[in-house]
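Here's a quick walk through one protein model, for anyone meeting it for the first time. Have a look at it, then read on.

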Amino acid sequence: MSAETQDPADILMGDVIRLEQVVSRESLTKICQSFFELFRLPVRVISYDGDLLADVHQEQELCRYLNQLPNGQAACTSTVGQVRHIEPERTPIIHPCFTGAVYRVVPLEYQGRSVGRFVIGPYVPVEDKEVPQTLLVVDPDVNAETASAAHARMPRVRKEIADQLAAHMQRVLDLLLFSGHRAQLASTMQIANVRENYRELAQKTEKLETAYEELKQLDKLKSNFLATVSHELRTPLTSIIGYAEMLESGQAGDLAPEQGDLLKTIRSKADQLLHMISDLLDLGRLEAETLTITKEPIDVSALLADVESTVAPAAAKKGVKVDIQVQGEMPRLNGDPMRLKQILVNLTDNAVKFTPEGGTVELIAEPTEVHSGGGAAGGFGTAMFSSSKQAVAFVVRDSGIGIPEEALPKIFDAFYQVDGGATRQHGGAGLGLSIAKQLVDAHEGSIEVQSTVDQGTIFVVTIPV
Ligand code: ADP
């Protein structure tokens with residue numbers, strides 16, 4: 001099991017501790033190096049499974065000499081192999097070499113379990129003064145004098161010093177194991193924590209996704225319902241308007257003045273309803289992306305005049321003045337005339353609606369430019385990388401009640417009204433700006449708003465020519 005997939009509980013119970021899992025080979029080698037530098041004694045650390053984890057030594061002259069002789073080399077290899085596989089339990093084992101040197105194999109334990117061992121040596125115990133016979137007879141070619149001289153230069157250690165050195169090394173490695181294990185526990189816990197948080201997050205995301213899908217489904221149902229109802233309402237309403245017009249024109253006989261007035265009210269209320277139903281149908285088409293824009297050259301002055309004549313009755317009724325102006329040389333604008341009129345009527349209608357008696361609404365068209373591809377307008381970057389396109393800006397400015405700053409980001413949402421309460425003073429369904437924005441987008445234009453409460457509002461629609 002790798003450290004990554006380990007359950008923290010496994011580590012806590014000390015089940016899967018391996019020396020090499022909690023202490024890096026690099027750290028072990030550094031410890032061995034400093035031990036060697038201090039005491040000039042070879043030292044090796046071996047894992048529980050017998051892997052050499054760290055090895056710091058310098059070949060002894062005696063070993064080098066013996067390795068040149070066939071029997072000497074075989075005996076050396078056999079000794080080293082034996083030492084490598086010694087597994088001491090609890091107490092160190094002193095393993096003798098045929099050269100008279102010894103290897104001290106010391107067990108490493110952690111939480112009562114063996115995790116590996118370390119080997120100090122070869123060194124010759126100071127107490128052993130004699131060159132052993134086993135060295136001199138190991139190979140027929142051993143030169144007693146050379147062998148004895150090399151034997152004399154082997155590192156020599158007194159037994160109690162060797163005990164102390166081994167105990168010292170054992171303590172250092174214990175400490176390293178302990179701190180390494182703690183660090184590993186902490187990081188494993190942290191990983192487990194992160195994993196748990198991630199799992200929770202994934203669950204929440206899944207729930208959110210399901211809720212989102214359900215909402216989308218509901219929204220689609222709502223849109224379908226609105227589209228069907230609007231469509232079904234429009235047909236009888238058109239008939240009502242048609243019959244009212246016939247009555248008004250006297251086709252069914254002359255009307256008394258009072259009857260004429262009542263019919264006018266019926267007509268205007270029916271027109272209002274039809275307008276609202278058309279808005280709902282447009283919204284449905286815009287959401288379903290089935291509304292098509294048919295562009296043709298636009299006469300901007302005629303467009304403004306048309307908008308003015310549409311809003312004039314409501315403005316006159318309220319006592320609000322509507323000014324239209326075409327400023328500067330107008331470039332040739334291409335757009336959908338019906339939809340551009342719809343945008344401007346929605347904005348101008350709102351301006352009239354939200355401006356008290358005696359106020360003014362201005363509808364201005366002026367040539368402008370839009371920048372594309374270069375980030376913010378102006379500056380070096382813009383000059384280098386952007387291209388500017390001719391455009392027409394339509395400004396609708398009123399001296400009305402204004403829009404509070406916190407409501408500005410929401411006014412283009414469908415059905416949103418600043419005063420959405422049941423007792424609101426102004427009519428409407430909160431669709432005009434949402435439709436206007438989407439129609440502006442369909443013309444690849446932009447719509448911006450600035451407003452100050454009790455002073456007025458300015459909408460600027462920019463349509464590239
Ligand atoms: P509505 O049918 O309510 O006019 P709109 O989408 O056209 O719906 O506008 C959304 C809301 O934005 C309005 O209800 C109003 O609160 C606010 N609003 C829009 N235009 C103006 C304006 N010129 N002055 C003040 N408030 C405005």
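Which residues does Arg-339 touch, not counting those up to four places away in sequence? They are Asp-282, Arg-285, Leu-291, Ile-293, Leu-439 and His-443, where contact means heavy atoms within 4.5 Å. Arg-339 sits in helix 11 and, at 8% relative accessibility, counts as buried. Buried means under 20% relative accessible area, exposed over 50%, and partly exposed in between (1.4 Å probe, protein chains only).

Some ground rules: this is a predicted model, so local features need pLDDT of at least 70 and side-chain atom pairs count only at pLDDT 80 or more, while totals for chains, interfaces and linings use all residues. Residues are numbered from 1 along each chain as its sequence is written, and side-chain values use heavy atoms, with hydrogens and water left out. Helices (H or I, at least four residues) and strands (E, at least two) are DSSP runs, numbered from the N terminus.

On to the ligand. It has 19 residues around it, and the closest are Asn-350, Lys-353, Asp-398, Gln-417 and Leu-433; a residue is in this shell if one of its heavy atoms lies within 4 Å of the ligand. Helix 11 (337–353), helix 13 (432–442) and strand 13 (456–464) each supply at least two shell residues, and helix 11 gives the most, with three.

| Residue | Part | Distance |
|---|---|---|
| Gln-417 | side-chain N or O atom | 2.7 Å |
| Val-418 | backbone N or O atom | 3.0 Å |
| Ala-429 | backbone N or O atom | 3.2 Å |

Taken alone, the ligand exposes 530 Å², and the protein buries 95% of that (Shrake-Rupley method, 1.4 Å probe).

Now for the aromatic rings. How many aromatic pairs turn up in a search of the whole structure? There are two, where rings of Phe, Tyr and Trp (its six-membered ring) pair if their centres lie within 6.5 Å, and planes under 30 degrees apart count as stacked, over 60 as edge-to-face and the rest as tilted. Phe-35 and Phe-39 have ring centres 5.0 Å apart and planes at 65°, so that pair is edge-to-face. At 2% relative accessibility Phe-35 is buried, whereas Phe-39, at 30%, is partly exposed. Phe-412 and Phe-459 are edge-to-face too, because their planes are at 85°, with centres 6.3 Å apart. This pair ties together parts 47 residues apart in sequence, and both Phe-412 and Phe-459 are buried.

Notes. Polar contact = N/O pair within 3.5 Å; in protein donor to acceptor, adjacent residues only side chain to side chain.
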